[in-house]
Each structure stands twice: as C-alpha cells, then as structure tokens.
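Visitor: Hi, I'm new to this one. Could you show it to me, and then I'll start asking things?

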Amino acid sequence: MDPQRLKGNFAQVATHGMDVAEYFYADLFQRNPQYRPLFPASMARQQEVLLGALVQIVSLVDDPEQLVPYLEELGRTHGGFGVTAQHYPEVGTSLVSTLKHFSGDDWSAELEKDWVEAYGVVAGVMVKAAGQN
Ligand code: HEM
C-alpha cells in the first residue's frame, strides 16, 4: 500500500465535499436496503461525521500509533449502534465504488488495491475492538 497515493487520491475526491458522503449512502442503501433502519431518518449529520472520520483516518494512515486507538474507539461505538462484523464488507464495497466514481479517469487498479487493503485494515481493527472477531 502506498500512503501518499491514497492521500493524494482522497484529497482530490474530497474536493467534491458532501456529495461524496451523499453518493456513498445512496450506493450503500441501494445495495443493502436492510441497512437503512440502522441509521437515523435524517442523514445530514451522518454524512458530515462520515466525511470527517474519513479525513481523519486518511490523514493518519501512516501514523498507526494515533490511528489504531482512534479506530478502536470508533469500532466499540459501532458495536453499540448494532453494527456487526458482517456489515463491514458491504460498507467497503460502497466506499470503494464511491471513491472510484469521484476519481474519474484518475482511478487505477493500483488505487483500488490500496483502498481495498486500507479498508480491510481499518475494518479489522474496528471489528476486533468491538469484540466480534
Ligand atoms: C471505515 C468504516 C467506518 C467509518 C469510518 C464510520 C464512521 C462513523 C462515524 C464517525 C460515526 C459517528 C459516530 C458517533 O456519532 O459517535 C458513525 C456512526 C454510525 N455508523 Fe459508521 N463508520 C464505519 C463503518 C460502519 C459500518 C460497517 C456500518 C454498518 C452498516 C456503520 C453504521 C453506522 C451507524 C448505524 C451509525 C450511527 C448512526 C446514528 O444513529 O447516529 N458504520 N460511523
């Protein structure tokens, strides 16, 4: 995985602002309508916190000493939201498809591999902290 490549790609995707989070949830709920009831009726705040968390995670991608405790806390919180290990792969699919959508011609097989790998690590830490591994 190439942290600089990830950061560069994310910085470019993030210029699309809240459209990114909106696209992500639309994709997630289209693929998995059964996930919708886990979330509040109004998704405005959720879109903001998701984007904030992604910015934080990507900025710490090469700083595991800070990233891991952050993800552990986030993982435990998610356990309380009724999120289980089974949900994580679907969220990863929608996240990668969102990044791909906003990357346009800049998307590449290498980027896809980087993101899949990075998401796998993130999800692994969150699930483990929630005690579901
Ligand atoms: C990289 C993975 C993920 C990130 C970065 C992330 C980020 C966040 C953040 C920052 C919050 C707000 C936490 C708070 O209010 O304290 C949140 C809430 C939530 N997330 Fe995630 N999440 C991830 C994975 C998932 C997965 C796999 C699911 C399962 C569908 C999920 C479902 C939820 C739900 C249901 C809430 C609570 C909504 C509410 O009631 O306000 N998340 N997420």
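Visitor: Okay, where is His78 placed?
Guide: His78 is in helix 4, which covers residues 64-80. Keep in mind that this is a predicted model.

Visitor: And which protein residue is a donor to the iron atom of the ligand?
Guide: That's His78, the single donor from the protein, with its NE2 atom 2.0 Å from the iron. A polar side-chain atom of His78 also lies 2.8 Å from a nitrogen atom of the ligand.

Visitor: What about Arg45, how far is its polar side-chain atom from an oxygen atom of the ligand?
Guide: For Arg45 that distance is 3.3 Å.

Visitor: How many residues surround the ligand?
Guide: There are 20 of them, and the closest are Phe39, Arg45, Gln46, His78 and Val91. By class, the shell has 15 nonpolar, four polar and one charged residues.

Visitor: Where does the ligand sit?
Guide: In the largest pocket. Helix 3 (44-59), helix 4, helix 5 (87-103) and helix 6 (109-129) are the elements that each give two or more residues to the shell around the ligand.

Visitor: Which helix gives the most?
Guide: Helix 3, with five residues.

Visitor: Switching topic: how many aromatic pairs are in the whole structure?
Guide: A search turns up six. One of them is Phe10 with Trp115: the ring centres are 6.2 Å apart and the planes are at 55°, so that pair is tilted.

Visitor: What does the pair tie together?
Guide: Phe10 lies in helix 1 (residues 3-14) and Trp115 in helix 6, so the pair ties together parts that are 105 residues apart in sequence.

Methods:
Residues numbered from 1 in each chain as written. Predicted model: local features only at pLDDT ≥ 70, side-chain atom pairs only at ≥ 80, totals over all residues. Heavy atoms only, no water. Donors = N, O, S within 2.8 Å, 3.2 Å for Na, K, Ca; no water. Helix = DSSP H or I, 4+ residues; strand = E, 2+ residues; numbered from the N terminus. Near = heavy atom within 4 Å. Polar contact = N/O pair within 3.5 Å; in protein donor to acceptor, adjacent residues only side chain to side chain. 1 Å grid on protein atoms, 1.4 Å probe; cavity = no way out; pocket = protein on both sides within 12 Å on 5 of 7 lines; lining within 4 Å. Sits in = over half its atoms within 2 Å of the grid points. Nonpolar A, V, L, I, M, F, W, Y, C, P; charged D, E, K, R; others polar. Phe/Tyr/Trp six-rings, centres within 6.5 Å; stacked < 30°, edge-to-face > 60°.
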